[in-house]
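Hi everyone, thanks for coming.

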Amino acid sequence: VLLYMRETLVSMLAALPLVAGARWLCAIRRKRLGKTVTALHEAGVWIFALCLLWLLSQTIIPELMSLLRGRPGAGSRVNLEFFLVFRQTWDEVFRNGNVSYFFINFLGNILIFAPIGFFPPLLWQRMQRLWKTALFGCGLSVFIELTQLLLPRGTDVDDVWLNTLGAVLGYLLWKVVKKAAPKFAARCACEEG
């Protein structure tokens, strides 16, 4: 676990210059348009960008780097059977005693996408509709799964609906925050990115 956390921290720190450059370009654009954003919005955008980069560092980047180094990983598998994850999780947990499978493969696929559903409606007013957030989460998940077809990593249709569920749960969390702290939510939101 500590090694995993260290690798995650290293990838996040390595991504900071990329995020800083993108935000600098956005600031130039905003200045030309005569628009401003709050410090809370800007901090939220940084956190969201780092979350997106972390998501890619867990799903695409390691396999891509292995391929570029000439060290392909294990062969990829493709699952196009909806809800197979329930049977697989049942077998792993109750037949094989592998409880971590439930946390990593089932809950992990949901929770990893919660920020994808939370930050867009918090940060951009145009994303404050459930269908937009769910579509964004689903689209991002489909992009990741299709990219994984080209990499030595599994592609699973169940990951798409689990990820989308995670985005919807993130959206519901935003609704709770908006209701509990409306001034905070209003200071985070921006009309444009």
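**Starting from one glycine**

Let's begin with Gly44, which is buried, because its relative accessible area is 9% and the cut-off for buried is under 20%. Keep in mind that what you're looking at is a predicted model.

Where does Gly44 sit? You'll find Gly44 in helix H2, which covers residues 39-59. And which residues does Gly44 touch, if we don't count residues up to four places away in sequence? Those are Phe119 and Leu123. If you want a sense of distance, go to Val10: Gly44 and Val10 are 34 residues apart along the chain, and their C-alpha atoms are separated by 20 Å.

Okay, let's zoom out. The protein has nine helices and two strands. Reading from the N terminus, the order of elements is α-α-α-β-α-α-α-α-β-α-α. The C-alpha atoms fill a box of roughly 60 × 40 × 30 Å along the principal axes. Of the 193 residues, 38% are buried. Now take the contacts with a separation of 6 or more: residues 24 or more positions apart account for 78% of them.

Next up, a pair of helices. H4 is residues 84-95 and H5 is residues 99-111, and they pack with their axes 7 Å apart, at an angle of about 150°. Angles over 145 degrees count as roughly antiparallel, and that's therefore what we call H4 and H5. Their crossing is right-handed. On the H4 side, the contact is made by Val85, Phe86, Gln88, Thr89, Glu92 and Val93; on the H5 side, by Val99, Tyr101, Phe102, Asn105 and Phe106. What classes of residue does this contact have? Seven are nonpolar, three are polar and one is charged.

If you're wondering about the spacing in a list like that, an α-helix has 3.6 residues a turn, so residues three or four places apart point the same way.

Last stop, helix H8, residues 157-180. H8 has a number of buried residues, among them Val157, Leu162, Gly166, Tyr171 and Trp174. What covers the buried residues of H8? The cover includes our pair H4 and H5, along with helices H6 (114-123) and H7 (130-149), and the strands E1 (78-79) and E2 (155-156).

Key: Residues are numbered from 1 along each chain as its sequence is written. This is a predicted model: local features need pLDDT of at least 70, side-chain atom pairs count only at pLDDT 80 or more; totals for chains, interfaces and linings use all residues. Side-chain values use heavy atoms; hydrogens and water are left out. Axes are lines fitted to C-alpha atoms, for helices over the stretch in contact, and angles run from 0 to 180 degrees between N-to-C directions. Helices (H or I, at least four residues) and strands (E, at least two) are DSSP runs, numbered from the N terminus. Angles under 35 degrees count as roughly parallel, over 145 as roughly antiparallel, 65 to 115 as roughly perpendicular and the rest as oblique. A crossing is left-handed if the near helix is turned anticlockwise from the far one by less than a right angle, and right-handed if clockwise. Contact means heavy atoms within 4.5 Å. Ala, Val, Leu, Ile, Met, Phe, Trp, Tyr, Cys and Pro count as nonpolar, Asp, Glu, Lys and Arg as charged, and the others, Gly among them, as polar. The expected span of a helix is 1.5 Å times one less than its number of residues. Buried means under 20% relative accessible area, exposed over 50%, partly exposed in between (1.4 Å probe, protein chains only).
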